[in-house]
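Dear colleague,

Please find the structure below for your records.

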Amino acid sequence: MVRLPIHLDWSEQRVYDLDDTAQLGLMYERVIREAAHTDDLRSYLNASVLIRIWPRLFLPVQARQTWEARFRHLARAA
């Protein structure tokens, strides 16, 4: 279980069960969209998990393109 801080998730949920694939994906989507600092990304994202779930994440096109340009292994995973 992970509780995101309010600056990453201002919804009522804010707590995610990472054993639940849907909740895991939702948490990663929110962190990627809302993180303003690399510390947030380092704190809440795991590289191997991100690569595994990357093709199933619903992200804005520009965000996906930016991440895939910076992290080529994500583009290969897609």
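Helices (H or I, at least four residues) and strands (E, at least two) are DSSP runs, numbered from the N terminus. This is a predicted model, in which local features need pLDDT of at least 70 and side-chain atom pairs pLDDT 80 or more, while totals for chains, interfaces and linings use all residues. Residues are numbered from 1 along each chain as its sequence is written, and side-chain values use heavy atoms, without hydrogens and water.

The whole structure holds 3 salt bridges (a side-chain nitrogen of Lys or Arg within 4 Å of a carboxyl oxygen of Asp or Glu). In helix 2, Arg 42 and Asp 39 lie 3 residues apart, about one turn of the helix; their closest N and O atoms are 3.5 Å apart. Arg 42 and Asp 39 are both exposed (over 50% relative accessible area with a 1.4 Å probe, protein chains only; buried means under 20%, and partly exposed lies in between). Glu 68 and Arg 64, both in helix 4, form a salt bridge at 3.9 Å between the closest N and O atoms, and both are buried. Asp 9 pairs with Arg 30 at 3.2 Å between the closest N and O atoms. That pair links distant parts of the chain, 21 residues apart: Asp 9 is in the loop between strand 1 (2-3) and strand 2 (15-16), and Arg 30 is in helix 1. Asp 9 and Arg 30 are buried.

Glu 29 also belongs to helix 1 (residues 21-34). Glu 29 is buried yet has no salt bridge, with Arg 33, the nearest side chain of opposite charge, 4.2 Å away (Lys and Arg count as positive, Asp and Glu as negative; His and the chain ends are not counted).

Yours sincerely
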